[in-house]
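Please look over the sequence and the model shown here before reading the notes. The points that follow are grouped by topic.

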Amino acid sequence: MADWHAPSGPFDIPEVPNFIPRRLKPYIFIFFVLIVQFSGGVYLAAATDMVGTTALIQEDILMAGYASLIGLAINFAVMFRIKFRFSTRTQLLVSAIILIAANLICANTTSVPVLVITCFVAGWFRMQATLACNSTIQLWLTPVRDMAIFFCYVYLIVDSVIQLSGIATIYTAFFSQWEYMHWIMIGLLALMMVMVLILVKPVRGPMYIPLLGIDWIGAILWAGFMMCFTFICVYGNYFDWWDAVEIRGAALIGLACLCVNLWRASFLHHPYISFRAMKNRNVIRATCVYLVFFTLIATEHVFEHSYAANILGFDETNLIDLNWYVFTGIIAGCAFTYYTFALRKWRYKTMTAIAFSLAIVYLGYFYFFIDYGIEKEMLFIPLFFRGAAAVIISIVFLTSIVQSGLPFQVFPQALTINGFTGAVMGATLGPAIIGEFLRHTMAKNASLLGANIVNTNPDIAYAPLGPLYGMVQTQALVVSMKEIFGLLMILALSSLAIILLSYSSVRPFAIFPKWSTVRRVIKHLVRTNKEYQELQLKNNTDVNTIIIKK
C-alpha cells in the first residue's frame, strides 16, 4: 500500500477520498489504532470488580488477558500475508466486527474457556487491524523506513494505551459498572466502522496473493504451547504447582506441542516458525535479555498492588492514579529513545545499559525507601523510571531483530518469538518466580517475627490473635519485599556489569524493505510452495503407480 504513494511530493493515502485534507488523513488511522488498542477483550484493571460480580477468580481473568497477548503474538507470522490478501478497508471492518463480538461475550460470559478463546481471537484481530493502520502511515512517520523511528511510535501507542485503558476502566467502574467499559468500546468500534465505510475506499493491491502454504497446524500447536506455558505460570501458585494434576497435565500438553512443532519444523518446507528464526543470534539475545529484565521488574505485578493497597491503604482510584506516573515514564522513554537511538544512532549496548540503570534506580528506590507512611507522590520516581526502562528495552531489541539479517519470509516468525518472549513470558514467568519466592520468604519472616514478639514480651501471648496475626503478616510483608528488592538489585547490578564489560559497536541502521519488495518476496514464497506441493503430489502419484503395476 505504501508504494502506491508518489515517490516525491507530500505524503498522501489513496484509500482516503480527496475531500479529506491530506494532512488530516494519517491522524484518522492513528485514531483507528487507538480504538483498536483499547479493545482488548477483558480489562485487567477491572479484575477485582469482575471477581466480585461473577464466579471467576483472579487467575481466570489474568489467563484471559494473557490469551489476548498470545493471539497477538501468533498473528505476527502471517500478518503480512493477510495484509496482501485483503484490502485495508476489509481488514478494519472485519476486525471491528470481531472485536465488538468479543466485547459482548466478555461482558456477559462466566465460562473460562469461552473467555480465554474469545480473548485469543480478539488479540489476533487487534494485531491485524493495528498492522493495517500502521503500515498505511509508515512512510508518513519515516520516509526512509527507519524502523527505530517507527518502533518509537508503535510502543508510544501500545504501552500508553495499556496504562490509559486501566485508568479509563477503573473510573468507569467507579462511576457506574465495569461492564460499561465494554459498551463504551462497542460504541467506539461502531463509530470506527462507520468512519471506515465513509472514509476508506476498498483499494486492493496490484497483486493478488492467496493464503496458500501457511502452516495452520503449526500455528495451533504453537498457540497450544504458549497457552500451556501461561497456564502454568498463572495458576501455579493457585494449584500448588506440581502437586496438582492440572499443572502436570498442562506441562505434558505444552511439552508435546513444542516437541511436535520442532519435529515438523525439521522437514516442512515452510513451517510456522523455522529453525532459522529460532537460532538467530539477535533473537536468542533478545529472549535472554527479556527474561532477565522483565524478571527484575516483575515486582510490578507482585508487590506494587499489595504494597499500595495493604500497607499504604490506597483505594482503587488512588491505585490506578499510579498509572499516570508510568504513563509519563513511557512518554519520556519513547522521546529519549527517539532522539538518542533513532536519530543519533546510539549503540545497542549503550541503550541496554541505560535501561538496566533505570531498572536499578527503580529497585533501589523501593529497597531504601519502602515504609508504612510513604506518600503517593513519592512513588512517582520509581514508577517513572520503570515505565521508561521497559519501553527503551522493548524498542531497542525489537529493532535489533529487524537488523538481524533474516530474510523477509523468516522475519515475521522472529517477531512471533519476540512477541511471546517479550509480552507473554515477560508478564507471566517473572511474576510467577517472584511470587513463589515471596511466599516462602514471607513464611520464614513471619515465623521469625512471631517468635521474637512472644519471646520479648510474654504478656502478648494473652492478646487477641486476630490483630496480632495481622500485625505480624504486615511486618513480614514489608521485610520480605525489602529483602527481595535487595536481591533483585544485586542481580540487576551484576547484569549491568556484564553489559558494560561486553563489547559491541553495533548501531541501528536497519531499513525496512519497500512494500513492493515485500509483495514480490511473498509472491515468490507462495509460488515456490505451490510448486513444492505439486512436486510432492506428482512423486506420490508416481510411487502409487509403480506399486499398482507391481
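In this predicted model, helix H11 (residues 245-265) supplies the largest share of the lining of the second largest cavity, namely three residues. That cavity holds about 30 Å³ of space.

**Second largest cavity**
- The lining is made up of Asp215, Trp222, Asn261, Arg264, Ala265, Leu268, Pro271, Tyr272 and Ile273.
- By class, six of these lining residues are nonpolar, one is polar and two are charged.

**Largest cavity**
- The structure has two cavities of 30 Å³ or more, and the largest of them contains about 40 Å³ of space.
- Around the largest cavity lie Glu304, Tyr307, Ala308, Leu322, Phe366, Leu379 and Leu383.
- Helix H15 (residues 304-311) gives the most to this lining, with three residues.
- The lining of the largest cavity counts six nonpolar residues and one charged residue, with no polar ones.

**Helix H16**
- Helix H16 covers residues 316-343, which is 28 residues.
- Just after H16, lysine 345 has a positive phi of about 60°.

**Threonine 295**
- Threonine 295 belongs to helix H13, which runs over residues 281-296.
- Is threonine 295 buried or exposed? Its relative accessible area is 15%, and since buried means under 20%, threonine 295 is buried.
- Which residues does threonine 295 touch, leaving aside its neighbours within four places in sequence? The contacts are Tyr290, Gly430, Ile434 and Leu488.
- Threonine 428 lies 133 residues from threonine 295 along the chain, yet the C-alpha atoms of the two are separated by 9.2 Å.

How values were computed
Residues numbered from 1 in each chain as written. Predicted model: local features only at pLDDT ≥ 70, side-chain atom pairs only at ≥ 80, totals over all residues. Heavy atoms only, no water. Helix = DSSP H or I, 4+ residues; strand = E, 2+ residues; numbered from the N terminus. Expected span 1.5 Å × (residues − 1). Buried < 20%, exposed > 50% of the residue type's maximum accessible area, 1.4 Å probe, protein only. Contact = heavy atoms within 4.5 Å. 1 Å grid on protein atoms, 1.4 Å probe; cavity = no way out; pocket = protein on both sides within 12 Å on 5 of 7 lines; lining within 4 Å. Points joined across faces, edges and corners; volume = space filled by probe spheres on them. Nonpolar A, V, L, I, M, F, W, Y, C, P; charged D, E, K, R; others polar.
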